[in-house]
Amino acid sequence: MEVYELELVKPFKCLASDCPDTCCYGWQIALDDETAERHRSEKGLYGRHLRFLLKNTDPPTLRRIFGACPYFNSDRLCQFQQNGREELMPRVCRQFPRHSVKMGDIVETTILLSCPVSARLLVDNPGRLSYIRLSDEEAREVEPFWIIENDDIPFRDFLLRERDKLLDILWSEEDRRPLPEVFAAFYAYVHRQHDPLMQDDREGMEQVEFSWDKRVQGKYAVDGVPSYAFYKIKTLDRMILNHIDYGYIQIREPRLYYFVKRYMKLFSGMTVDGADKYFDDEMKKLVLTHPEYELRYRSYFSYLIMQLYPGAFENYFMLRQMLFAFLYVELLQLFDLLEYLEKGKTADPERMAEIIMILEKGVRHNPTQTDNLLQVIREELL
Ligand code: SF4
């Protein structure tokens with residue numbers, strides 16, 4: 001087994017009771033089968049208590065108390081951890097924010113950014129990240145959280161090769177293109193591969209060559225001049241107002257609601273085309289005057305490709321993975337822009353990390369949101 005770890009995993013250190021956030025607040029905590037079994041078989045009064053708080057859903061989940069995990073105590077610590085009963089912690093909590101995915105005989109551990117420490121690590125380490133191979137001894141400690149059951153190893157290897165190729169293009173020193181151009185070219189490239197793949201024409205898929213040239217991209221080329229509004233504001237509007245702004249968001253996710261409110265204030269009253277042009281113009285100004293923002297989006301996009309692209313090993317939808325990466329980058333750009341226009345200055349690294357964390361926690365790692373956003377992507381782009 002080859003086990004790799006994103007270079008941000010090692011320096012991560014949980015703030016525990018000093019954390020300004022609570023990683024379990026607002027989440028539906030699901031238990032893996034082994035931990036659920038330990039809860040079910042615990043003896044005595046404590047066992048009864050555990051079983052009372054365990055819901056027999058599929059997968060089993062913990063009953064929440066005032067929106068929080070019932071084992072999150074008044075010292076802002078996990079009760080299981082404090083009592084030395086870590087074997088009763090759901091696997092997701094034992095590992096968070098680390099996230100290990102097993103694809104055949106390869107395991108990759110990455111770090112989720114819905115935690116202030118990991119989001120700050122990304123902000124403080126902009127650039128291309130790499131995976132580091134762990135020693136056999138270190139590898140034994142890794143417990144994969146998500147096992148992709150697929151024996152199609154040639155396809156996995158194709159995805160991992162492609163991922164490296166896309167990252168080489170993204171970070172090229174000689175020919176570094178602005179992100180709107182990168183999105184348009186990546187979209188055309190992956191779409192050109194996607195179609196033969198869907199017809200099980202592997203050879204056709206492998207033969208597609210990357211090109212910046214619209215004539216080569218043919219019918220897959222994006223119309224017009226590449227813009228920061230890869231997703232039209234009309235589409236983002238559907239996503240934000242119908243799905244991200246779900247019921248009680250102002251209570252459940254007030255920090256996300258802050259951006260929804262500012263979005264409504266800024267864009268309401270604009271025409272559909274006017275909104276796209278305004279967003280593109282303002283983003284161009286922002287990255288021109290503050291190039292650190294350009295690096296921020298390139299780094300986040302790079303991180304997303306590293307994490308999302310191999311996910312296609314499960315369902316073969318590379319295009320979907322790529323479209324999600326574009327979407328999260330565009331939402332980050334939108335949130336940054338709203339903040340910049342509101343405050344009239346750039347964010348400091350702490351706030352930059354917080355904005356990423358809000359996006360990841362409230363949108364990217366919310367499974368219901370992901371399903372709803374996918375529905376919009378399907379209707380408008382696929
Ligand atoms: S959010 Fe991150 S730093 Fe805070 S308690 Fe959870 S894992 Fe630790």
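## Domain layout

The C-alpha centres of domain 1 and domain 2 lie 35 Å apart. Domain 1 covers residues 24-95, and domain 2 covers residues 153-381. The model is a predicted one.

## Helix 13 against helix 17

Two packed helices are described by the angle between their axes and the distance between the axes. Helix 13 spans residues 254-267 and helix 17 spans residues 318-343. They pack at an angle of about 75°, and their axes are 10 Å apart. Angles from 65 to 115 degrees count as roughly perpendicular, so helix 13 and helix 17 fall in that class.

Helix 13 contributes Leu-256, Tyr-258, Phe-259, Arg-262, Tyr-263, Lys-265, Leu-266 and Phe-267 to the contact. From helix 17 come Leu-334, Phe-335, Leu-338, Glu-339, Leu-341, Glu-342 and Lys-343. By class, the contact holds 10 nonpolar and 5 charged residues, with no polar ones.

Pro-254 also lies in helix 13. Pro-254 is partly exposed, at a relative accessible area of 45%. Its C-alpha atom is 18 Å from that of Leu-337, a residue 83 places away along the chain.

## Cysteines

How many disulfides does the model have? The count is 0. A disulfide needs two cysteine sulfur atoms within 2.5 Å. The sulfur of Cys-78 has its closest cysteine sulfur in Cys-69, at 6.4 Å, so that pair is too far apart for a bond. Cys-115 is buried, with a relative accessible area of 8%.

Gln-95 is found in helix 4, which runs over residues 91-95. Gln-95 is buried, with a relative accessible area of 10%. Leaving aside residues up to four places away in sequence, Gln-95 touches Ser-100, Glu-143 and Phe-145.

Most residues other than glycine have a negative phi, and most peptide bonds are trans. The bond from Phe-96 to Pro-97 is cis, with omega near 0°. Pro-97 sits in the loop between helix 4 and strand 4 (98-103). The bond from Asp-58 to Pro-59 is cis too, with omega near 0°. Pro-59 is in the loop between strand 2 (54-55) and strand 3 (61-62).

## Positive phi in loops

Which residues other than glycine have a positive phi? Asp-200 is one of them, with phi near 60°. Asp-200 lies in the loop between helix 8 (179-198) and helix 9 (202-207). Asp-200 is exposed, with a relative accessible area of 58%.

Tyr-316 is another, with phi near 70°. Tyr-316 is placed in the loop between helix 16 (312-315) and helix 17. Tyr-316 is partly exposed, at a relative accessible area of 21%.

How values were computed: Residues are numbered from 1 along each chain as its sequence is written. This is a predicted model: local features need pLDDT of at least 70, side-chain atom pairs count only at pLDDT 80 or more; totals for chains, interfaces and linings use all residues. Side-chain values use heavy atoms; hydrogens and water are left out. Domain bounds come from an automatic or database domain assignment. Buried means under 20% relative accessible area, exposed over 50%, partly exposed in between (1.4 Å probe, protein chains only). Axes are lines fitted to C-alpha atoms, for helices over the stretch in contact, and angles run from 0 to 180 degrees between N-to-C directions. Helices (H or I, at least four residues) and strands (E, at least two) are DSSP runs, numbered from the N terminus. Angles under 35 degrees count as roughly parallel, over 145 as roughly antiparallel, 65 to 115 as roughly perpendicular and the rest as oblique. Contact means heavy atoms within 4.5 Å. Ala, Val, Leu, Ile, Met, Phe, Trp, Tyr, Cys and Pro count as nonpolar, Asp, Glu, Lys and Arg as charged, and the others, Gly among them, as polar.
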